[in-house]
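Visitor: Hi! Could you walk me through this one?

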Amino acid sequence: MSVQIFVAPNAREGLARVRRELGDDAVVLSTRPHPQGVELLASAYGELAVPAVSETPDTAGSSRILNELSRLRGMLQNQLAGFAWGTGRRRDPVRVALMQTLFAAGFGSALARTLAARLPRGLDNDAAQHWLRQVLIRNLPLLGRDADLLARGGHYALVGATGSGKTTTLAKLAARGVDAHGAGEVALVAADAYRIGAAAQVTVYADLLGVSLHEVKDQTQLAELLPQLAAKKLVLIDTAGFAPTDPRVRAGQTLDTLGVRRLLVISANQQGAAIEQAMTHFGQGAAACILTKLDETPQPGAALDSLIRHRLPLAYISGGQRVPEDLHAPNAAYLVDRALKGGQLATPYALEAEDWPLFAGVEAERAERRTQKGTGAG
Ligand SMILES: Nc1nc2c(ncn2[C@@H]2O[C@H](COP(=O)(O)OP(=O)(O)OP(=O)(O)O)[C@@H](O)[C@H]2O)c(=O)[nH]1
Ligand SMILES: [Mg+2]
C-alpha cells in the first residue's frame, strides 16, 4: 500500500488533488494543519483493497479497517460540505434562505436552484420571500375561467394512479354538470373493467344524479359508444387506476384519438417522486390536472412544483370526500401560501439547523454527478 502526502492551501483543494492523482475512490487517512494550509495523508482505494483479499487471511480485520477508512472519508466529506455551506451562507444569506424555504416546503432541488438563480440582487430577506411568493403564484398554471371545462362541455376521461380520487371527482364534476346543463345533458361512462365493483360505484352516482350510465369493457366499445352520446353536452368517463409505470397506461393516451380529453387526477398527499411519476406517465397530452386530497396534504409543495415544471394547468382542487361540495376552482395565492406554510410544520422529517450542511453536501454531490453525466465524464 503506497501512502502519499498532499499539501494544499485548504482541505477542499487538497481533496480535489487527492482525487485527481489517486482517483475518485482515494481514501484520505488523516488530515492535519500545515504551515501552508493543510496536509492530507491519502492512498488509492484499490491499493488498500487488493492486499486485504489476496495477502491477508484476516479478511474480517481488513474489512473493519476499510469500513473505518470509509467512515473517516465520509466524515471529511461532510466537513467539507459544512465549510461550503457556511461559506455560501456568509456570501449570499438571502439566496440560501430562499432555497431553505423551498426545500422545507417540499419543493424540489431543480426548481429551488432555478428560482434562487433568478432572485434579483440586493433584496433583503423579507423582500426575497415576498418575491418568491409572487413568482410561485405567477408561475402556477391555472385553467382560466373562460376555459371552464364544465361550461364548455365535451368528452372527458379521468385518468391517474390507483386510488387518486378519479371516480369521486367524476361524481363531483357530474353534479356540477347537472347544475349547469340539466341531468338530460350529462352522461357517465364506466370504463374501469379491472376493479371489482368499479362500475357499481359509478352506477350509484348516476342514479343519485339522475343521469344516464353506460358501461364499456374496452376502447373498441368506447369508440362505438361515443357517437351515440354526441348530443350530450357533457360526457364523463371513469377509467381504471394503474400504477404510473404499468404498460396499460399507454392505452389511456389513445383516448385522444377518440376526441376524448384527459383530465389527470393526482392526489397531492404523495411523496414528490410519486407525483412526478404520475405526471410523467399520465400527464403527457392531458388537458388539465385536478389535485385531490389536499385536506390530507400537510405539504402540497411537491405537487405545486410538479405542476409548475410540467406547465400542466390546474382545473380543480379537491379537499374532501363529500360529493359534490368538496371540489373548488383553484386559487394560486391560497395554494402557494399553504405550501409555504407547510414548510414551517414541525415534523420528524423537517431539517434542523445542524442538518442543513449535510443536506447541502448531498445535494452538491448529486448536482456534481448530474454535471459529470451531462458532460459525459466519469
Ligand atoms: N380525504 C379525501 N379523500 C378523497 C378525496 N378524493 C377522493 N377521496 C377518497 O379516496 C378514496 C379513493 O377514491 P376513488 O374516487 O375511488 O379513487 P379512484 O382513483 O377512482 O380509485 P381506483 O378506481 O381504485 O383507481 C375514496 O375513499 C374517496 O372517498 C379528497 O379530496 N380528500
Ligand atoms: Mg375509480
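**Around helix α14**

Guide: Among the elements covering the buried residues of α14 are α4 (93–104), α6 (125–139) and α13 (301–310). "Buried" is used for a residue with 20 or more other C-beta atoms within 10 Å of its own, with 12 or fewer counting as exposed and anything in between as partly exposed; C-beta atoms are placed from the backbone. Helices (H or I, at least four residues) and strands (E, at least two) are DSSP runs, numbered from the N terminus.

Visitor: Before we go on, what kind of model is this?
Guide: This is a predicted model, where local features need pLDDT of at least 70 and side-chain atom pairs count only at pLDDT 80 or more, while totals for chains, interfaces and linings use all residues. Residues are numbered from 1 along each chain as its sequence is written, and chains are lettered from A and ligands numbered from 1 in the order in which they are written.

Visitor: Back to α14, then. Which residues are buried in it?
Guide: L335, V336, A339 and L340, in a helix that spans residues 332–342. They lie on the same side of α14, because their arc around the axis is only 130 degrees (taken from the directions from the helix axis to the C-beta atoms).

Visitor: What's the strand order in the open sheet?
Guide: β6-β5-β7-β4-β8-β9-β10, seven strands with parallel pairing. Two strands pair if DSSP finds at least two bridges between them. β6 (212–215) and β10 (314–317) each have a single partner strand, so one side of each has no neighbour in the sheet.

Visitor: And how many bridges join β5 and β6?
Guide: Four, in the parallel sense, with β5 covering residues 186–190. In one of these strands, β6, S212 is the bridge partner of A187.

Visitor: Switching topic: which residues have the most contacts inside the largest nonpolar core?
Guide: A174, L188, I266 and C289, in a core of 71 residues. A nonpolar core is a set of buried Ala, Val, Leu, Ile, Met, Phe, Trp, Tyr and Cys residues joined through C-beta atoms within 7 Å. Domain 2 (92–139 + 348–375) and domain 3 (145–342) both contribute residues, so the core lies between them; the bounds come from an automatic or database domain assignment.

Visitor: What is C289 in contact with?
Guide: Leaving aside neighbours within four places in sequence, C289 contacts L264, I266, L307, L312, P313, L314 and A315. Contact means C-beta atoms, placed from the backbone, within 7 Å.

Technical notes: Contact = placed C-beta atoms within 7 Å.
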